[in-house]
Amino acid sequence: MWQEKSVNPTKIISSNFTPSSLFVTSNGDIYIGDRYENQRVQRWSAETNTFVTVMNTNSYCGGLFVDINDTLYCSMKNHHQVVKTSLNDSVMASNRVAAGTGIKGLDSNQLDNPFGIFVDVNFDLYVADCSNNRVQLFQSGELTGITVAGGTSLNPTITLLFPTGIILDAEKYLFIVDANNGRIVGSGLNGFRCLVGCYGLGSQSNQLNRPFSFSFDRSGNIFVIDSFNHRIQKFQTKEVTRIALKSTKNRFA
């Protein structure tokens, strides 16, 4: 864990896990997707500095999310499903299906290698459906999805190539890690535009190579896991805005 502008980590958390994903809640607790032989989600408590298993899965979690009702979601990449469980139960309960049939496919109720997930305040679930090159919206309580980004959406304004991360802001605008295109895109009044990595794959400061996930800070700066460059990149708000304004003239594929 690094504080902003710090060169050295302020804390190192280690245990018997192989992390595949994580989610940090407002109280500082960290949920860690533990892949390979463990296939579970662990919670590290910021208050006690201890670990506890909060979900068992039969596939590692490509993405994690905890909603405002303390429901934990896991996108089981290899099982083509998103499952969920309540964290408020005194005993760890069985997982419930939130999306996907467990068989990969392109139908509206299916997924193919889901990764990033996001749940809004209405409990609508957004899924980065990677191998289908689309983002699916599963409205609360529904198991049939709606394509909201990608070539098969109702009003396509962008083509995605292996999307892996997704965030929805307070204005309902969608931000997506378009991994194999090496960029982050965001929606707006005129459709999608490129925000980061708009100059092709690479290792320059304005490029990305197979980005995996990202996050905003309170100032709107973007932090990106730039996987194939083995680094985390920060893009400041002013630079992101400049690129976005430049690209709004283009409805790109």
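**Entry: basis.** The model is predicted, so I record that local features need pLDDT of at least 70, that side-chain atom pairs count only at pLDDT 80 or more, and that totals for chains, interfaces and linings use all residues. Residues are numbered from 1 along each chain as its sequence is written, and side-chain values use heavy atoms, with hydrogens and water left out.

**Entry: two domains.** The domain assignment, which is automatic or from a database, gives domain 1 (14-156) and domain 2 (159-252). I read 21 Å between their C-alpha centres. Their contact (heavy atoms within 4.5 Å) takes 19 residues from domain 1 and 14 residues from domain 2.

**Entry: buried area.** I noted about 1,300 Å² buried between the domains, with carbon and sulfur atoms giving 71%. Buried area is the accessible area (1.4 Å probe) that two parts lose on being put together, summed over both. In domain 1, F118, Y126 and N133 lose the most area to domain 2, together 32% of what that side buries.

**Entry: a charged pair.** I counted 1 salt bridge between the domains (a side-chain nitrogen of Lys or Arg within 4 Å of a carboxyl oxygen of Asp or Glu). D120 forms a salt bridge with K172, and their closest N and O atoms are 2.7 Å apart.
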